[in-house]
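Here is a short report on the structure below.

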Amino acid sequence: MTDTARTARVGVPERPTLDGLEETWARRWQEEGTYAFDRSKERSDVYAIDTPPPTVSGELHMGHVFSYTHTDTVARFQRMRGRTVFYPMGWDDNGLPTERRVQNVYGVRCDPALPYDPDWVPPATPVSEAARKEQTPISRRNFIELCELLTVADEEVFEALWRRLGLSVDWSLTYTTIGRVARAASQRAFLRNLARGEAYQAEAPTLWDVGFATAVAQAELEDRERPGAYHRLRFTGPDGREVLIDTTRPELLPACVALVCHPDDERYADLVGTAVRAPVFGVEVPVRAHPLADPAKGTGVAMVCTFGDLTDVTWWRDLDLETRVVIGRDGRLLPEPPAGVPAQPYAALAGQTVNGARRTLVELLADAGDLVGEPREITHPVKFYERGDRPLEIVSTRQWYLRNGGRDAGLREELLARGGELRWVPEHMRHRYEHWVAGLTGDWLVSRQRFFGVPVPVWYRLDDVGEPDWSQPLTPEESILPVDPSSEAPPGFDESRRGVPGGFVGDPDVLDTWATSSLTPQIVGGWETDPDLFGRVFPMDLRPQGQEIIRTWLFSTVVRAHLEHGVLPWRDAVLSGWILDPDRRKMSKSKGNVVTPMGLLEQHGSDAVRYWAANGKPGMDLAFDPAQIKVGRRLATKLLNASRFALGLGAADALRAPATEPLDTAMLAELSGVVATATAAFDGYDHTAALQATEAFFWRFCDDYIELVKERAYGTGPGADSARAALATALSVQLRLFAPVLPFVTEEVWSWWRYGSVHRAPWPTTYEVGRAVQGPGDPGLLRLAGDALGQVRRAKSERKLSMKADVPLAEALGPAALLDRLTLVADDVRAAGRIAKLDLLPDRTPELVIACAF
């Protein structure tokens, strides 16, 4: 029993309003623990949600409101079904987005070589544009402290918006992905991966973002169309034969290690196995065959460089080619040429940016007569880090990897099987997972060369000349996690041995943010720290998330749970669609068409915005439509006013009394069908269908039933008692049906006449509605009576008469069987239509016709 059970009835206000409900009820829910998780329940009574932790490096937008509202409807429904709902909120606050935000807000950058300054004070914000461009260097520790300071402020803003929206999370369960618990869990999982051989270190070609100065994983790539140009270069083959190749990256000529053609391309069959000489540098490179070479692309023979793109990496690995790296981590050509490349021509390129080196080398090619024709301008896809603004390069670096099936067919099949076990909503999203897993070309790169993240928890011994021994990393005991190797010594050493021969050095890298976010079920569930809680919530029931991060968050979470626990991390995955602008374009910051929600929540009310969001089904796109938000506002207002009217008729005192009159039992019979429909829809994660069924009935209830029954309800006797009983049951049931979508207005109305919270009340059942019906209920009677009343109203409207105008005589024409049913509700139709006399004329027309005489 929660504190809400003690909440008293407040009575019906004289002038109910939607204004101020969010502040009132958000405070009451928090004070009374309405959404508190009851950890005494058995696992079978728990519904656990792995809530997406939003990135707190910017503003929440309508896409967040859209998807988080969907999840909240599930939580509220399951709570009313009698489950104790484990519904935490997390903040994804580490990683590149936070660092970039700190740099922009404070005009600083991290320089790990600088010492910590305990007296350093961050500049007042906002800083000038000049300060953003010429950023002040600060130590790593100062920088991390500034990241922590800014994320705390951002998290407070986010929490305020979520409370305003009415998310029914248990705020006592809030976590952050950079907090102590998350760091310990992330490092513990990594160390166990390392012990089992699932984590390993390797020197390999690595996708590199020059702007962020960090490695990037395959899952974080995106193609962007960019202008470029094909340059035709002349290589010299045996006996002086001219061999032409087309390339968009002539600056990589000093990194060329081979030419490659398709094995079936007869044009170059005689060249395979020989060598050709590169222009400008005169370096001999072999000609090899590989099935990935496209005979129809360019001249049919391609230049293999280390490394221009991912295909180069594949050719280099498959053909066991040499390595000649020319681009450094700063995006500039290295100061010295690779082995075998003459220094004199290379000197003109050394230290230049990629674009500068390209211009220089094109000039050198032209001067040598080895640039054939003019460059041909093209537009082509270029790999970018999804958060970056400069094309990726491929450099050779030492990185940490986690096995994910990219190079292990057995593990890949196991992970595909896990995807088959998962319930996908909508089902077609399963194919995106399968396509991603089947197409992996390498393991998961989990190390990052950044600062604000979970440190890789290892150290390395230094040999007698100060070189690290990469093969035997030093690891901490799990009991002392989390650790920071950059500021803590490994077991058996002290700080005096850091960086000196025979001593140690800490791993300078941090883990990819997904390496921590992939453990959200373990982090919030108390893995290894609270076994009792973990046993009650893991594996979880639901993972709601965006479709665009199936390849990252969903897949990586499956990988970690499979490797550590041998299970899926959750039973169901519900994927949200996109938010579109009025022109049906996806909303995104890059397009500048993002709408932020707080103003809309304040203007229209949270229930209205939630109504708009709930009109989008899982996996389906929804256009942002202010008009639909206004519809939601009208619905919430009507719910207030209709409830006040019904309660004013005495419905509150008639709850659980039987409905006996035909119209009343008809209405409840139809409502029973709505309950069945809404329940089945929510069980299938289709909140939209549940809302549509409930809303359609509600408007019929207001426009037809209340109008038909109010005269009888004002009176006394069995007919009046039946009407008030039916109104009470219908109001109670509809408030609960609407509660997952419209939490504020339903809680407000519930408080007028019921005890406790509507959100802790049991979900309505067909049995409950049927119990309120005495005798048979014909759901078609309400529609029949509504049709008759509607014709009377139209007749008055056509004559421009008031709806209160009397009708001296009305004739009902139609099939005899239909009119026989109409007699069951004729008294209510006469009263609502103010009809003095209603004559029934059977078999005059094929359908019901009400003719009015004035």
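## Cysteines

Buried means a relative accessible area under 20%, taken with a 1.4 Å probe on protein chains only. Cys852 has a relative accessible area of 14%, so Cys852 is buried. Cys256 is buried too, at 2%. The model is predicted.

Zero disulfides are found in the structure. Take Cys256 as a case. A disulfide needs two cysteine sulfur atoms within 2.5 Å. The closest cysteine sulfur to that of Cys256 belongs to Cys305, and it is 4.9 Å away, too far for a bond.

## Aromatic pairs

A pair of aromatic rings is described by two values: the distance of the centres and the angle of the planes. Trp612 belongs to helix H17 (residues 606-614), while Phe624 sits in the loop between strand E26 (622-623) and helix H18 (626-648), so the pair ties together parts 12 residues apart in sequence. Both Trp612 and Phe624 are buried.

Phe645 and Tyr714 make another pair. Their ring centres are 6.4 Å apart and their planes stand at 90 degrees, so this pair is edge-to-face. Phe645 lies in helix H18 and Tyr714 in helix H20 (residues 687-714), so the contact ties together parts that are 69 residues apart in sequence. How accessible is Phe645? Phe645 is partly exposed, with a relative accessible area of 28%. Tyr714 counts as exposed, at 54% relative accessibility.

## A cluster and a buried tryptophan

Three residues, Trp29, Tyr35 and Phe744, form one aromatic cluster.

Trp753 is placed in helix H22 (residues 743-753). Is Trp753 buried or exposed? Its relative accessibility is 2%, so Trp753 counts as buried. Between Trp753 and Val609 there are two separations to note: 144 residues in sequence, and 26 Å in space from C-alpha to C-alpha.

## Charges over rings

Which ring does the charged end of Arg543 sit over? The ring is that of Trp553, and the charged end lies 3.2 Å from the ring centre. Arg551 is placed over the face of Trp436, with 5.9 Å to the ring centre.

## Helix H15

Helix H15 spans residues 550-565. Of its 16 residues, 13 are buried, so the rest of the structure largely encloses this helix.

## A parallel sheet

Strands of a sheet pair through backbone hydrogen bonds, in a parallel or antiparallel sense. Here, three strands form an open sheet with parallel pairing, in the order E17-E24-E23. Which strands stand at the edges? They are E17 (423-425) and E23 (540-546). Each has a single partner strand, so one side of each is left without a neighbour in the sheet. From one strand to the next, the twist averages 20 degrees.

E23 pairs with strand E24 (residues 570-576) over six bridges, in the parallel sense. At one of the positions, Met540 has Trp570 in E24 as its bridge partner.

Notes: Residues numbered from 1 in each chain as written. Predicted model: local features only at pLDDT ≥ 70, side-chain atom pairs only at ≥ 80, totals over all residues. Heavy atoms only, no water. Buried < 20%, exposed > 50% of the residue type's maximum accessible area, 1.4 Å probe, protein only. Helix = DSSP H or I, 4+ residues; strand = E, 2+ residues; numbered from the N terminus. Phe/Tyr/Trp six-rings, centres within 6.5 Å; stacked < 30°, edge-to-face > 60°. Lys NZ or Arg CZ within 6 Å of the ring centre and 35° of its normal. Pairing = 2+ DSSP bridges. Axes fitted to C-alpha atoms, helices over the stretch in contact; angles between N-to-C directions.
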